[in-house]
Amino acid sequence: MSELINSEVFLAYSTYTTIVLLKMMIMGPLTGYFRMTRKVFSNPEDARAHGGKDEETMKKYLRVDQDVERVRRCHQNDLENIVPFIGIGLLYAFTKPNLGMALLHFRIFAGSRIFHSIAYLVPFPQPSRGLSWIVGMGVTFSMAYRVLKAGMHF
Amino acid sequence: MSELINSEVFLAYSTYTTIVLLKMMIMGPLTGYFRMTRKVFSNPEDARAHGGKDEETMKKYLRVDQDVERVRRCHQNDLENIVPFIGIGLLYAFTKPNLGMALLHFRIFAGSRIFHSIAYLVPFPQPSRGLSWIVGMGVTFSMAYRVLKAGMHF
Amino acid sequence: MSELINSEVFLAYSTYTTIVLLKMMIMGPLTGYFRMTRKVFSNPEDARAHGGKDEETMKKYLRVDQDVERVRRCHQNDLENIVPFIGIGLLYAFTKPNLGMALLHFRIFAGSRIFHSIAYLVPFPQPSRGLSWIVGMGVTFSMAYRVLKAGMHF
């Protein structure tokens, strides 16, 4: 095991997995920031804690805001794409791939997801966000192919 | 570690985890396909890129469609159930279970999730989808029981 | 590998990961329970299976209910926070941390997430839920820091 932990491929997997998960985690506080500054809440107790003293203010605060929803969609897209990356990426790292090839996969994925978030939040005109989404998925599909090619047991 | 990677149980875990994650990933492009063919978008920049030239068309395109929402609920249900499977399944593979027993767990889970997606998207009348959901959760609960029985440290 | 599996840190990771994933999984049946007892459904086939015989009943059953939405938001928050914990936690366990320090991380995280769910579902007045959310994220950030400090390969 120490052999694996000390391996460069596993270290690269560890580094990029941590980076993309941290990137994803930022979406949570960002949603909170938009909710608090724009006074947009889903829960009555949240609205109450942020100035919703009377019935009328509460009604105004418990609403759907397009900027908050945008951050939430970005967060959801991260979940949908980063979960397969970390699962399949770990299995891929176990197949003892060439370091350069592994780094290529991890770097493109991390880059595509960071670009995706920026493209979603600014927002950039399409198809920039769509293309970065496809690139990220392509990396995961490529790793999945190599995992299955390295060995299968049905 | 090589010992583990070469073990049949880990190979089976690797195979089925890749399969269910690939199955989950298909939901993303499927959502995109429905959005583009039915002209149903959440983001103004997406509507604009797919023919939303004037104010009126934009308004028509930025809507909620029940077929798109159905795919999204199917995707969400995958996330909620496949994440625990891959997390607990990895720990289960580490407990050195009997290969036949491990394969039984992985096969039933993968089968139940593939059936669940078909039942959701066709859709089949209930309780077919509900039952496949319960079967998948049952497999994960069974693996969790075996993980905790194999050893705990609180 | 046996060395790792038998290590106390990995056993602690395994125990707490299983606990928080099981806690997250409860949210699914809980949503189902609220849907069935309150007759609140998203899918026509679900409404039909639970007494939606005629057009009018169907319309009444296919609605959004604030109690169901609350459980769903709680579930979603679990996904957003437990996924980074299990991913980064596994890498952290591989850095061979001190057992006491690792247990401190895992216990605080599990405690904060269990408290978070109770605070969300009761609900408790804020900022109790918000604070438990921040504590859980703090644990994951602390583990991420230790993972990156233990070694990086870009």
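## Where chain A meets chain B

In this predicted model, 25 residues of chain A are in contact with 23 residues of chain B (contact means that the C-beta atoms, placed from the backbone, lie within 7 Å). On the side of chain A that touches chain B, two or more residues come from each of α1 (2–5), α5 (66–94) and α7 (128–150) of chain A. Helices here are DSSP runs of H or I with at least four residues, numbered from the N terminus. The largest share of that side, nine residues, belongs to α5(A).

By class, the side of chain A that touches chain B has 17 nonpolar, five polar and three charged residues. Ala, Val, Leu, Ile, Met, Phe, Trp, Tyr, Cys and Pro count as nonpolar, Asp, Glu, Lys and Arg as charged, and the others, Gly among them, as polar.

The copies use different surfaces, as 12% of the contact residues of chain A recur in chain B.

## Two helix pairs

In chain B, helix α2 (residues 8–38) and helix α5 (residues 66–94) pack at an angle of about 165°, with their axes 10 Å apart. Axes are lines fitted to C-alpha atoms over the stretch in contact, and angles run from 0 to 180 degrees between N-to-C directions. α2(B) and α5(B) are therefore roughly antiparallel, a term for angles over 145 degrees. The contact of α2(B) with α5(B) involves 17 nonpolar, four polar and five charged residues.

In chain C, the axes of helix α2 (residues 8–38) and helix α6 (residues 99–121) come within 10 Å and cross at roughly 5°. α2(C) and α6(C) are therefore roughly parallel, the word for angles under 35 degrees. Among the residues that meet are C:Y13 and C:Y16 in α2(C), and C:F106 and C:F109 in α6(C). The contact of α2(C) with α6(C) divides into 13 nonpolar, one polar and three charged residues.

## Reading the labels

Residues are numbered from 1 along each chain as its sequence is written, while chains are lettered from A and ligands numbered from 1 in the order in which they are written. Local features of this predicted model need pLDDT of at least 70 and side-chain atom pairs count only at pLDDT 80 or more, whereas totals for chains, interfaces and linings use all residues.

How values were computed:
Contact = placed C-beta atoms within 7 Å. Parallel < 35°, antiparallel > 145°, perpendicular 65-115°, else oblique.
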